[in-house]
Amino acid sequence: RVERFKGVKVPHIGWNQIKKKNTGKLFDGIAENSFVYFCHSYFCQPQEASIVAAETAYGADFSSAIWKDNIWAVQFHPEKSQQVGLQILQNFSTIKS
């Protein structure tokens, strides 16, 4: 499901922390609670909790990254997330299916 944020300012714009969950290789070398850049009004609410790779708190915890098999998705903008984002993009480029 995709849901719109409620009870908080939308769009959610700016820096926020990610809490790593079931991360696989995407977050190798990324410290817990690293800051990444967001700009969005909606978030994904997966049916399977096991596919949540990272969560972020904005009003409530939401899934900010998911992965299953060879599908990866992030809610934030790695290209705008400075060194952390560059490391995530580097990790993504080396993942083999």
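Two rings of Phe, Tyr or Trp (its six-membered ring) count as a pair when their centres lie within 6.5 Å; planes under 30 degrees apart make the pair stacked, over 60 edge-to-face, and the rest tilted. By this rule there are eight aromatic pairs here. The model is a predicted one, where local features need pLDDT of at least 70 and side-chain atom pairs count only at pLDDT 80 or more, while totals for chains, interfaces and linings use all residues. Residues are numbered from 1 along each chain as its sequence is written, and side-chain values use heavy atoms, leaving out hydrogens and water.

Let us begin with Phe 5 and Tyr 58. Their ring centres are 5.3 Å apart and their planes stand at 90 degrees, so this pair is edge-to-face. Phe 5 sits in the loop between strand 1 (2-4) and strand 2 (12-17), and Tyr 58 in strand 6, so the pair ties together parts 53 residues apart in sequence. Strands here are DSSP runs of E with at least two residues, numbered from the N terminus. Phe 5 and Tyr 58 are both buried, meaning under 20% relative accessible area, with exposed over 50% and partly exposed in between (1.4 Å probe, protein chains only).

Both residues also belong to one aromatic cluster with Phe 38, Phe 43, Phe 62 and Phe 76.

Next comes the nonpolar core, a set of buried Ala, Val, Leu, Ile, Met, Phe, Trp, Tyr and Cys residues joined through side-chain atoms within 4.5 Å. The largest one has 16 residues, and Phe 38, Phe 62 and Phe 76 are among those with the most contacts inside it. Its largest share, three residues, comes from strand 6.

Key. Helix = DSSP H or I, 4+ residues; strand = E, 2+ residues; numbered from the N terminus.
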